[in-house]
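Subject: Handover of a structural model

Dear colleague,

Please find below the structure that I am handing over to you. A written account of the findings follows it.

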Amino acid sequence: MEKFTTLTGVAAPLPVVNIDTDMIIPKDYLKTIKRTGLGKGLFAEARYNEDGSPNADFVLNKPAYQNAKIIVAGDNFGCGSSREHAPWALLDFGIRCVISTSFADIFYNNCFKNGILPIVVSQDDLDKLMDDASRGSNAILSIDLEAQTISGPDGGSITFDIDPARKHIMLEGLDDIGTTLKNDASIGSFENKMQAERPWL
């Protein structure tokens, strides 16, 4: 998994509450178990018209936001079904960070497992960041995970909280398997001891 240390990029404003995983990646795209190629389906029902043409009014189709790396969203982002395809689609599109006042638990956990940083902020801070994100090509935010800060285009900065264990796995780029392998020597030692003491197991 790619490490997350700092990130500077365009932030797209999505001031909608209760964005569920079906909106993030519609069910039509769930036939695959591959993590790649899902970016085209991200927010498909909002990004495309019925004839398949891009919806010019949707934020990620606007020229200033087509290469967004950050989404600033309304409350309760990622609610609904527990499909892991949602963070896969975000990551495949190029989104590495989502900022909101709250996230659905399963989606929040899945983000960390896939290298996306979900940041929880207060409503006041979200309002400031939403205003920053509404500046089109000037909507640049800088995120420093080590310092736990978000800096806006005018130089202002806010801080955010994150669980130290989750912060560590993001900084190190560790998924669940990578985290387990960090303890490979201890696991091997335990298994050898158990084999010697309880060979019948």
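The notes below take up aromatic pairs, cysteines, helix packing and salt bridges in turn.

This is a predicted model, in which local features need pLDDT of at least 70 and side-chain atom pairs count only at pLDDT 80 or more, while totals for chains, interfaces and linings use all residues. Residues are numbered from 1 along each chain as its sequence is written, and side-chain values use heavy atoms, with hydrogens and water left out.

Aromatic pairs

A pair of aromatic rings is described by the distance of the centres and the angle of the planes. Rings of Phe, Tyr and Trp (its six-membered ring) are paired here if their centres lie within 6.5 Å; planes under 30 degrees apart count as stacked, over 60 as edge-to-face and the rest as tilted. Under this rule there are six aromatic pairs. In one of them, the ring centres of Phe103 and Tyr108 are 5.8 Å apart and the planes stand at 40°, so this pair is tilted. Tyr108 also pairs with Phe112, in an edge-to-face arrangement with 5.1 Å from centre to centre and 80° between the planes.

Tyr108 and Phe112 both belong to helix H4 (residues 105-113), where they are four residues apart and thus separated by about one helical turn. Helices (H or I, at least four residues) and strands (E, at least two) are DSSP runs, numbered from the N terminus. An α-helix has 3.6 residues a turn, so residues three or four places apart point the same way.

For accessibility, buried means under 20% relative accessible area, exposed over 50%, and partly exposed in between (1.4 Å probe, protein chains only). Phe103 is buried at 10% relative accessibility, and Tyr108 is buried at 19%. Phe112 is buried as well. One aromatic cluster is formed by Phe77, Phe103, Phe107, Tyr108 and Phe112.

Cysteines

A disulfide is a covalent bond between the sulfur atoms of two cysteines. With the criterion of a pair of cysteine sulfur atoms within 2.5 Å, the count of disulfides is zero. For Cys97, the nearest cysteine sulfur is that of Cys111, at 9.2 Å. Cys97 has a relative accessibility of 0% and counts as buried; Cys111, likewise at 0%, is buried too.

Helix packing

Helix H3 (residues 85-93) is mostly covered, with seven of its nine residues buried. These are His85, Ala86, Pro87, Trp88, Ala89, Leu90 and Phe93. The buried residues of H3 pack against helix H1 (21-24), helix H2 (44-47), strand S2 (70-73), strand S3 (97-100) and H4, where contact means heavy atoms within 4.5 Å. Just after H3, Gly94 adopts a positive phi of about 120°.

Two packed helices are described by the angle between their axes and the distance between the axes. H4 packs with helix H6 (residues 164-172) at an angle of about 35°, and the axes are 9 Å apart. Axes are lines fitted to C-alpha atoms, for helices over the stretch in contact, with angles running from 0 to 180 degrees between N-to-C directions. H4 contributes Tyr108, Asn109 and Phe112 to the contact, and H6 contributes Arg166, Ile169 and Met170.

Salt bridges

The whole structure holds seven salt bridges, each defined as a side-chain nitrogen of Lys or Arg within 4 Å of a carboxyl oxygen of Asp or Glu. Asp22 and Arg83 form one of them, at 3.2 Å from N to O. Asp22 lies in helix H1 and Arg83 in the loop between S2 and H3, so the pair ties together parts that are 61 residues apart in sequence. Asp22 is partly exposed, at 27% relative accessible area, whereas Arg83 is buried, at 17%.

Asp125 and Lys128 form a salt bridge with the closest N and O atoms 3.8 Å apart. Within helix H5 (residues 123-133), Asp125 and Lys128 are three residues apart, or about one helical turn. Asp125 counts as buried, at 16% relative accessibility.

In the salt bridge of Arg135 with Asp154, the closest N and O atoms are 2.8 Å apart. Arg135 sits in the loop between H5 and strand S5 (140-144), and Asp154 in the loop between strand S6 (149-151) and strand S7 (157-159), 19 residues apart. Arg135 is partly exposed, with 31% relative accessible area, and Asp154 is exposed, with 61%. A network of salt bridges links Asp131, Asp132, Arg135 and Asp154.

Yours sincerely
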